[in-house]
Amino acid sequence: MNSYPNDSTNRLVLSRGQNKDDSTNNRNVSCPHELLSDKDSKGKERDWKGKKKRSILMAEHHAAVEGLEKKAERMQACGNVLKFKLTDKRLKLYQAYFCKARLCPMCNWRRSLKIAFQNKKIIQEVNEREKVTWVFLTLTVRNVEGEKLKDTMDQMTKAWNRFAGYAKFKKSVKGYFRAMEVTRNWDKESEWYGTYHPHFHVLLAVPTNYFAKNYIRQDEWTDMWQRAMKLDYVPIVHVQRVKPKKDTTNFVELEDEVKKSIAEQNAIFEVSKYPVKDTDVIRGNQVTPENIQTVKDLDKALAYKRLISYGGLLKAIHKELNLDDAEDGDLIHIDDETDEIANGAVEVMAYWHVGLNNYVIKKFDD
Ligand SMILES: [Zn+2]
């Protein structure tokens with residue numbers, strides 16, 4: 001999913017959109033609009049249009065919930081105008097309005113890119129400083145009804161603090177990245193239909209000798225989580241070592257150890273996302289009562305809630321590197337690419353065209 005700055009060999013392509021149904025123009029004149037095309041460093045198209053469409057649909061659902069009308073308005077306007085600078089044949093965003101609502105697909109896409117970028121930096125730094133192994137941990141509780149979701153999530157946050165404070169944890173774990181995710185059961189055949197499943201995805205940095213010393217078994221993790229959460233049942237807990245992901249790039253000239261660490265990092269980046277998936281909040285392309293109910297439940301549970309956090313060594317490095325807050329911070333400057341923009345670069349403005357259902361661009365030379 002990621003686009004990291006490495007080279008700038010890819011070109012900006014501006015496609016010509018054929019447009020016949022633009023009501024603002026004269027009848028017989030076909031008005032070719034230039035449509036936005038923004039590619040990442042790997043040449044992959046950035047899905048501005050798709051995210052904007054999902055945000056509009058999400059806004060329509062918010063508008064149907066009493067008390068969320070204002071949020072719906074802001075979400076409707078989210079990313080309406082995007083101002084880029086054209087440098088090195090690439091577009092760099094430098095001005096935009098993002099609504100920052102917890103359920104906004106546009107904002108959550110930006111948050112995900114930002115978290116992925118930050119985690120890449122943090123993980124590289126950790127790997128340079130210390131010999132560590134990475135472990136994925138998933139902590140769950142039983143599904144809950146919508147009205148209990150907020151309380152359960154609050155309890156989980158408190159339980160996490162107890163959990164991470166246990167002597168065993170502190171002895172074995174050097175640092176972590178933690179994301180709280182909520183999924184909904186959409187299976188009408190299931191007895192859990194319509195309930196929510198909040199859970200933690202955690203990336204743990206452990207010393208390389210962890211498997212020989214201070215190792216925590218799966219049943220011990222489970223026991224610790226049950227205790228921290230004060231549950232009268234045994235919760236489901238998964239733990240697994242991060243398995244290096246095969247990389248398609250062939251680094252013939254690199255040492256095996258470096259290859260392994262690159263492959264491992266690629267596996268880690270896969271969890272470095274913002275944990276709200278819009279396809280899990282609203283299903284399909286229509287406003288439905290079921291979708292509205294989900295928006296209502298999740299909005300209440302997620303409002304002002306922090307879903308991601310860092311601990312130990314990862315927290316210290318996040319601070320040292322002066323990284324901004326990915327959840328509530330700036331969603332324009334999300335990586336190194338957009339940090340420095342030369343003055344005098346060509347400005348490209350993209351605005352959302354309701355009739356065309358796409359971003360149309362205008363260029364301004366200084
Ligand atoms: Zn937004």
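Predicted model: local features only at pLDDT ≥ 70, side-chain atom pairs only at ≥ 80, totals over all residues.
The protein has 366 residues, of which 31% are buried. Its secondary structure consists of 10 helices and 11 strands. Of the contacts between residues at least 6 apart in sequence, 70% link residues at least 24 apart.

Two packed helices are described by the angle between their axes and by the distance between those axes. Helix H1, spanning residues 48-63, packs against helix H2, spanning residues 69-77, at an angle of about 165 degrees, and the two axes are 8 Å apart. Because angles over 145 degrees count as roughly antiparallel, H1 is roughly antiparallel to H2. The crossing of this pair is left-handed. On the H1 side the contact is formed by Ser55, Ile56, Met58, Ala59, His62 and Ala63, and on the H2 side by Glu69, Lys71, Ala72, Met75 and Gln76. By class, six of the residues in the contact of H1 with H2 are nonpolar, three are polar and two are charged.

H1 also packs against helix H3, which covers residues 105-129. Here the angle is about 135 degrees and the axes lie 7 Å apart. H1 is therefore oblique to H3. Lys51, Lys52, Arg54, Ser55 and Met58 of H1 meet Pro105, Met106 and Trp109 of H3. The contact of H1 with H3 comprises four nonpolar residues, one polar residue and three charged residues. Ser55 and Met58 of H1 take part in the contact with H3, and both are also listed in the contact with H2.

H3 itself contains 25 residues. The distance from its first C-alpha to its last is 36 Å, close to the 36 Å expected at 1.5 Å a residue. H3 is mostly covered, with 18 of its 25 residues buried. Arg110 lies in H3. Arg110 counts as buried because it has 24 C-beta neighbours inside 10 Å, where 20 or more are required. Leaving aside residues up to four places away in sequence, Arg110 touches Phe98, Leu331 and Ile334. Phe98 is 12 residues from Arg110 along the chain, and the C-alpha atoms of the two are separated by 9.3 Å.

A further helix pair is formed by H4, residues 146-163, and H6, residues 218-229. The axes of H4 and H6 come within 8 Å and cross at roughly 125 degrees. The two helices are therefore oblique to each other, and the crossing is right-handed. Gln155, Met156, Ala159, Arg162 and Phe163 in H4 are in contact with Met224, Trp225, Ala228 and Met229 in H6. Seven residues of the contact of H4 with H6 are nonpolar, one is polar and one is charged.

Ile282 is situated in the loop between helix H8 (278-281) and helix H9 (289-302). Ile282 counts as buried because 23 C-beta neighbours lie inside 10 Å. When residues up to four places away in sequence are not counted, Ile282 touches Leu57, Met58, His61, Asn291, Thr294 and Val295. Of these, His61 is 221 residues from Ile282 along the chain, with a separation of 8.5 Å between the C-alpha atoms. Met58, one of the residues touched by Ile282, is also among the H1 residues that meet H3.

Most residues other than glycine have a negative phi. Two loop residues with positive values are described here. Lys100, in the loop between strand S4 (90-96) and H3, has a phi near 65 degrees, a positive value in a residue other than glycine. Lys100 counts as partly exposed because it has 19 C-beta neighbours inside 10 Å, and 20 or more would be needed for a buried residue. Asn357, in the loop between strand S10 (346-353) and strand S11 (358-364), has a phi near 55 degrees, likewise positive in a residue other than glycine. With 11 other C-beta atoms within 10 Å, Asn357 is exposed, as 12 or fewer meet that criterion.

Conventions. Residues numbered from 1 in each chain as written. Axes fitted to C-alpha atoms, helices over the stretch in contact; angles between N-to-C directions. Helix = DSSP H or I, 4+ residues; strand = E, 2+ residues; numbered from the N terminus. Parallel < 35°, antiparallel > 145°, perpendicular 65-115°, else oblique. Contact = placed C-beta atoms within 7 Å. Nonpolar A, V, L, I, M, F, W, Y, C, P; charged D, E, K, R; others polar. Expected span 1.5 Å × (residues − 1). Left-handed = near helix turned anticlockwise from the far one by under 90°.
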